[in-house]
Amino acid sequence: MFNLFSLFKKDKIWDFKGGIHPPEMKLQSSRTPMRIAQLPDEVIIPIHQHLGVPGQLCVSVGEHVLKGQPLTKGVGRTLPVHASISGTVTAIEPFPSAHPSGLPEIAVRIQSDGKDEWREKSPIINYQLESRETLLSRIHEAGIAGLGGAGFPTASKLKGGGDLVKTLIINAAECEPYITADDRLMQEHADEVIAGCQVLIHLLSPDEVLIGIEDNKPEAIEALKQALKQALNAMPDEKRIFIRVIPTKYPSGGAKQLTKILTGKEVPSGGRSSDIGVLMQNVGTVVAIKRAIIDDEPLIERVVTVTGNGAKTPGNFWARLGTPIYSLLKQAGFVAGSEQMVIMGGPLMGFTLPDLNAPVVKITNCLLIPSAEEMDTDNLEEACIRCGHCVDACPSGLLPQQLYWFSKGKEHEKAQQHNLFDCIECGACAFVCPSNIPLVQYYRQEKAEIREIDAEAKRATEAKARFEAKKIRMEREKLEREARHQRAAVKLDDEEHSEVQSALSRVKAKQSIGKIISVKAGEEPDNAAAIAARKKRKEEVRAKQAAKLAQQKTLEASSENTASESEDADPRKAAVAAALARVKAKKAQQAAEAISTVETPVENIEAEEVDPRKAAVAAALARVKAKKAQQATEAISTVETPVQSAETEDVDPRKAAVAAAIARVKAKKEAQQAQTETTIDEAPAQSAETEDVDPRKAAVAAALARVKAKKAQQASQSSTVEAPVQSAEAEDVDPRKAAVAAAIARVKAKKEAEQRRANKEEVTLD
């Protein structure tokens, strides 16, 4: 009993509300076998032949391609297109499309080479051993889209169904008048239809496969039953495929309507059939799947019905994709007239082609060439009379009259609220309209406008999101940049902290030296810091001077050692060394006499009371005289330097005497000039020294300055006296004696200059 009920349920057929029964007009093309269209000399293959975005081109102009070679690369839901013939790519350019607008689309033009050579194939015979992902990838790479007219990517549709599919429906109804492509395909290729169903069973594992076919196709029904019987004999365990014959009614081939007829379930508004566990495929798509998996043939051709009273030999053709429509029409005996129209699709859901040079594409299932009597184009659009026939005919349960008013009045929100997008554009409402209103055209235009508005809103939203993201990114980058600067500043502070601290300490030390000392009433000032700083500076100066003196003594000692070591070797050097020794002894004696001479007047001066102003002036004059004398002595030593270097070698005694005389004369002139400048500088020196000074210190300074000036004068006079003596003795003398005399003179001058410099430094320290 339960088996009887289950069988009854499987065989049960439901009905849908609405629908019409227009004239079928199928016998014109269904009685003749399918023909293979002639190979075109050139094909135009648009790169966009499915729902979604076009793929990326992978060929270039001038490239030779083979039949079945991909022309574009498809990623995601984007499907590739393939070359339908072998030949050379002559152009990639915009070309009129098979669309109501006729707007140009990018297409690849291929010139046939006449060979029709296939690319290398790799068929899969035992597809049961392959994984689901591998088979879906093969279907996607074959570029298969829905051949029933929607053009939805098949691989994406199968992948979206997944494990949710319980019932697989094969749409073989083909309910629209004139179209017989699926009918002839089932009659002649029923075995491929069943094989394709088996591939889908392997992919989806549904509980049942229902082939829905209208009862006006008896030949196709019989062919399917025979093919199914043979398949069951080969695979007795496979009993999930069922053929369901349904009444002829338009539009029973609609997805929602056929689902309701075969399962009794209704697809929710705005939803898909997979939401209720149902997946539907067109019979032509099933054959394409079989050929892609088992034969490794991409979708490069399809069955096209060419019919109508305008065709002399109507029928169905295996046409290559990209074949110019006008070329295909000529094979059916079409002769173009002045006002002849050509409709792509059926009379109810098709559209008029604006350009017959447009190519055949994947969704081209019919080319209708009607006569004037068939289309009845004289009927003009009239005002709506609110008869309600459109409501009764609508298979989707909509209110066509209200949608018409909303579409005409551009009331987009109200049209959407009345489920405009549930309309399948079957044309039943327009067929029954007594006012000849093209309702479907209004609905299509309204849908296009709403989609454009939504697309614009989406672009605006995306632009706003990008702008907000940019602001956030810029703010983040700003914060990161500030953080980097802070880290760099902290690092720099750490590196320079010690230097800054040391600099600050030095500044504080300097400030502490020159800071104002505040003294309270009745208390003595604390000068300890100033005195200590002054002592420190004096000690530093004395240390520097001591270092200089030590360096000079070291140089003298080295020169003496060198001279003593060379005595045995050269008698001239020995004589020079002896002369230097005598000069040093004489100089030491003179220094002792000078000191004793200075001490006496200093004591006398300190004993007397002197005028501080006069003492300051005298001290200034003495210092100026000493300075000038020192400059003169240094000039003499500078002049004698080349003479010393020259006389260390064997020279002519006459030239040596002449050079010594010239040096003495120059020294005398410079001494005289120094005395003259001393007289000129006395006035400013007097004015500079008129400050209040300690009388004792001023007296001592003046005495010392006079002693130094007297010594400098005596030294210059002694050098002047020695000059004529030497010049006189230079005649007829031994060259060795002359060299010794010159060396002695130079040494004396040098020692006197050093002595004056030392005396000056002592005075400065005091």
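Glu425 and Arg444 form a salt bridge whose closest N and O atoms are 2.9 Å apart; a salt bridge here is a side-chain nitrogen of Lys or Arg within 4 Å of a carboxyl oxygen of Asp or Glu. Glu425 lies in the loop between helix H14 (412–417) and helix H15 (428–432) and Arg444 in helix H16 (residues 439–514), so the pair ties together parts that are 19 residues apart in sequence. The model is predicted: local features need pLDDT of at least 70 and side-chain atom pairs pLDDT 80 or more, while totals for chains, interfaces and linings use all residues. Residues are numbered from 1 along each chain as its sequence is written, and side-chain values use heavy atoms, with hydrogens and water left out.

**Salt bridges**
- By this rule the count comes to 23 salt bridges.
- Glu425 is buried at a relative accessible area of 19%, whereas Arg444, at 21%, counts as partly exposed (buried is under 20% relative accessible area, exposed over 50%, partly exposed in between, with a 1.4 Å probe and protein chains only).
- Arg119 pairs with Asp296 in a salt bridge, with 3.4 Å between the closest N and O atoms.
- Arg119 sits in the loop between strand S7 (104–112) and helix H3 (132–141) and Asp296 in the loop between helix H9 (283–294) and strand S12 (301–307), so this pair links parts 177 residues apart in sequence. (Helices, H or I of at least four residues, and strands, E of at least two, are DSSP runs numbered from the N terminus.)
- Asp296 is buried, with a relative accessible area of 7%.

**Around Glu174**
- Glu174 lies in the loop between strand S8 (167–171) and helix H5 (181–188).
- Glu174 is buried but has no salt bridge; Lys217, the nearest side chain of opposite charge, is 4.8 Å away.
- Lys217 instead forms a salt bridge with Glu214 (3.5 Å, N to O), and both of these residues are buried.
- A polar atom of the Glu174 side chain lies 2.8 Å from the backbone nitrogen of Asp182.

**Helices**
- H5 and helix H7 (residues 218–234) pack at an angle of about 35 degrees, with their axes 8 Å apart.
- Asp183, Met186 and Gln187 in H5 meet Glu219, Ala220, Ala223 and Leu224 in H7 (contact means heavy atoms within 4.5 Å).
- Helix H13 (residues 400–408) has buried residues including Pro400, Leu403, Tyr404 and Phe406.

Definitions and conventions. Lys, Arg positive; Asp, Glu negative; His and termini not counted. Polar contact = N/O pair within 3.5 Å; in protein donor to acceptor, adjacent residues only side chain to side chain. Axes fitted to C-alpha atoms, helices over the stretch in contact; angles between N-to-C directions.
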